[in-house]
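Me: I would like to go through the packing in this model with you. Shall we take it topic by topic?

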Amino acid sequence: MVTASHPLTLTLQAPLDLAGARMASLTFWHSYTLSGRGQAQVEFSTDGGENWQTLAVRQDGEQSWTPITMRLTSFAGPGHPPLRLRFRLLPGGPADRWLIDDVLVEALEPPALYPLPFEDDVERWRRWDAT
């Protein structure tokens with residue numbers, strides 16, 4: 001739980017190595033109450049936590065428990081540095097809160113239409129369209 005009277009930032013301690021993935025996503029459940037100037041931010045760093053950039057922002061309002069999924073594909077693949085994530089509350093009032101649960105980072109593979117290596121003798125025409 002992140003509230004105006006509790007820690008305002010939750011930072012993942014270990015960086016995530018997504019270099020072996022082609023696609024990736026972050027999914028978590030959350031609930032929040034934010035006053036007019038309050039913000040709930042998901043942030044990332046690719047330099048070990050020296051600099052942080054905003055991945056997503058929620059502002060002003062209330063939300064009961066709901067899942068949210070964010071694409072991390074731009075951080076996946078060879079040559080990408082390890083990724084750090086954090087959840088940050090910028091309260092606009094004393095009642096602001098952000099509850100976070102069930103955080104999941106997944107490396108995803110795009111579905112293959114046919115398994116590779118693909119081979120076909122083209123005698124049955126089931127896998128081909130003739131026009």
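Me: Are Phe28 and Phe87 buried or exposed?

Reply: Both Phe28 and Phe87 are buried, where buried means under 20% relative accessible area, exposed over 50% and partly exposed in between, with a 1.4 Å probe and protein chains only. This is a predicted model, in which local features need pLDDT of at least 70, side-chain atom pairs count only at pLDDT 80 or more, and totals for chains, interfaces and linings use all residues. Residues are numbered from 1 along each chain as its sequence is written, and side-chain values use heavy atoms, leaving out hydrogens and water.

Me: How many aromatic pairs does the structure hold?

Reply: There are three aromatic pairs; rings of Phe, Tyr and Trp (its six-membered ring) pair if their centres lie within 6.5 Å, and planes under 30 degrees apart count as stacked, over 60 as edge-to-face and the rest as tilted. Phe28 and Phe87 form an edge-to-face pair, at 5.0 Å centre to centre and 80° between the planes. Phe28 lies in strand β3 and Phe87 in strand β5, so this pair ties together parts that are 59 residues apart in sequence. Strands are DSSP runs (E, at least two residues), numbered from the N terminus.

Me: And what geometry do Phe44 and Phe75 have?

Reply: Their pair is tilted, with 4.6 Å centre to centre and 55° between the planes. Phe44 is in strand β3 and Phe75 in the loop between β4 and β5, so parts 31 residues apart in sequence are tied together. Phe44 is buried at a relative accessible area of 10%, and Phe75 is buried at 11%.

Me: Which residues form one aromatic cluster?

Reply: Phe28, Phe87 and Trp98 do.

Me: Changing topic, how many residues has the largest nonpolar core?

Reply: That core has 23 residues, and Phe28, Val42, Leu83 and Trp98 have the most contacts inside it. A nonpolar core is a set of buried Ala, Val, Leu, Ile, Met, Phe, Trp, Tyr and Cys residues joined through side-chain atoms within 4.5 Å. The elements giving two or more residues to this core are β3 (23-45), β4 (53-71), β5 and β6 (97-108). Strand β3 gives the most, with eight residues.

Me: Why does Arg86 count as buried?

Reply: Arg86 counts as buried because its relative accessibility is 15%. It is placed in strand β5 (residues 84-90). The side chains of Arg86 and Glu43 are joined by a polar contact of 2.4 Å.

Terms used. Helices (H or I, at least four residues) and strands (E, at least two) are DSSP runs, numbered from the N terminus. A polar contact is a pair of N or O atoms within 3.5 Å; within protein, one must be able to donate a hydrogen and the other to accept it, and residues adjacent in sequence count only if both atoms are side-chain atoms.
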